[in-house]
Amino acid sequence: MNNQLIVKPNAQPAEDGSLLRITPESAGWQYVGFEALRLAPGETLERSTGDTEVCLVLLSGRADVAAAGLSWQDVGSRMNIFEKIPPYAVYVPGGEQYRVAAVTELELAVCSAPAAGGHTARLIEPEQVGVELRGSGSMERLVHNILPEQERADSLLVVEVFTPGGNWSSYPPHKHDRDALPEESLLEETYYYRIDPPQGYAVQRVYTDDRSLDETLAVRDGQAVLVPRGYHPVGAPAGYEVYYLNVMAGPRRTWKFHNDPDHEWMLRKS
């Protein structure tokens, strides 16, 4: 199972700039798609969303972006992910065309999930991204809520997290694999990792209560992890800051999680 949960990037970008691609078919699930791309200045990506909605996240670099008859010129202010300022993003509804033209070297994330319709394309500026410090002590991490449930979309939830070396995130361990609202929602999830400095790694557990799924993963820079079910905490080794971009989607667009009862006591500490 270990090798099935880690998705490794291509040794070289594909012709369209794709470094790593996850589809519902390749992941063996229903909702979440994710792709990381790298475009050189002047290179373009042109696609249709089809029956999915898409959130284009400019991880680093600047680009001209057009979608659904709208356009935004030279957007992007973060030239390195680890500047830790919120990114620009563009939401594109289903059944629309979009075009991304790199102005500088561009690292782009394409997050996708099933579309239902009724929303319009829009630019998400850094000032619109919710910023919070979550947790405390060795559980503290910086969170950028790029497309949270309070913002308009059909299925997608998109968030990025910076975990300092020596800290834990997605912690205490929690899961969201049951369609049992209001207690818990069913959300598939991908983690796309960047590590600073890049020779480091992150540690991620993915496990269920009955341990029918019970994996401990060493995840390298540029890799992704599939979380089809179960608890999924992340540890950042000392000396290495860990970044990940989360994409979540499921039958209902709400994030209601269930903490691992064995570890929930940490939330009750005074």
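Q: How many helices and strands are there in the protein?
A: The model, which is predicted, contains 2 helices and 25 strands.

Q: What are the dimensions of the C-alpha trace along its principal axes?
A: The trace spans about 50 × 40 × 35 Å.

Q: And what does the radius of gyration say about a compact globule?
A: A compact globule of 270 residues would have a radius of gyration near 18 Å, and the protein has 18 Å, so the two agree.

Q: How much of the protein counts as buried?
A: Of its 270 residues, 54% count as buried. The accessible surface comes to about 11,700 Å², and carbon and sulfur atoms account for 46% of that surface.

Q: Back to the strands: in what order do the 7 strands of the open sheet come?
A: The order is E1-E22-E19-E24-E14-E13-E12, with antiparallel pairing. Strand E1 (6-7) and strand E12 (130-134) are the edge strands, each pairing on one side only.

Q: How many bridges join E19 to E24?
A: Strand E19, residues 188-196, is joined to strand E24, residues 241-249, by 9 bridges, and these two strands run antiparallel. Within this pair, isoleucine 195 stands opposite valine 242 in E24.

Q: New topic: what is the count of disulfides?
A: The count comes to 0 disulfides.

Q: Is cysteine 111 buried or exposed?
A: Cysteine 111 is buried, as its relative accessible area is 0%. Cysteine 55 is also buried, with a relative accessible area of 0%.

Q: Now for serine 60: which strand holds it?
A: Serine 60 lies in strand E5, which covers residues 52-60. Serine 60 counts as buried because its relative accessible area is 10%, and the cut-off for buried is under 20%.

Q: Which residues is serine 60 in contact with, leaving aside neighbours within four places in sequence?
A: Its contacts are Arg78, Met79, Asn80, Ile81, Glu105, Leu106 and Glu107.

Q: What share of the contacts between residues at least 6 apart joins residues at least 24 apart?
A: The share is 73% for the protein.

Definitions and conventions. Residues numbered from 1 in each chain as written. Predicted model: local features only at pLDDT ≥ 70, side-chain atom pairs only at ≥ 80, totals over all residues. Heavy atoms only, no water. Pairing = 2+ DSSP bridges. Helix = DSSP H or I, 4+ residues; strand = E, 2+ residues; numbered from the N terminus. Disulfide = S-S within 2.5 Å. Buried < 20%, exposed > 50% of the residue type's maximum accessible area, 1.4 Å probe, protein only. Rg over C-alpha atoms; globule rule 2.2 N^0.38 Å. Contact = heavy atoms within 4.5 Å. Areas by Shrake-Rupley, 256 points an atom, 1.4 Å probe, with all protein chains shown as cover.
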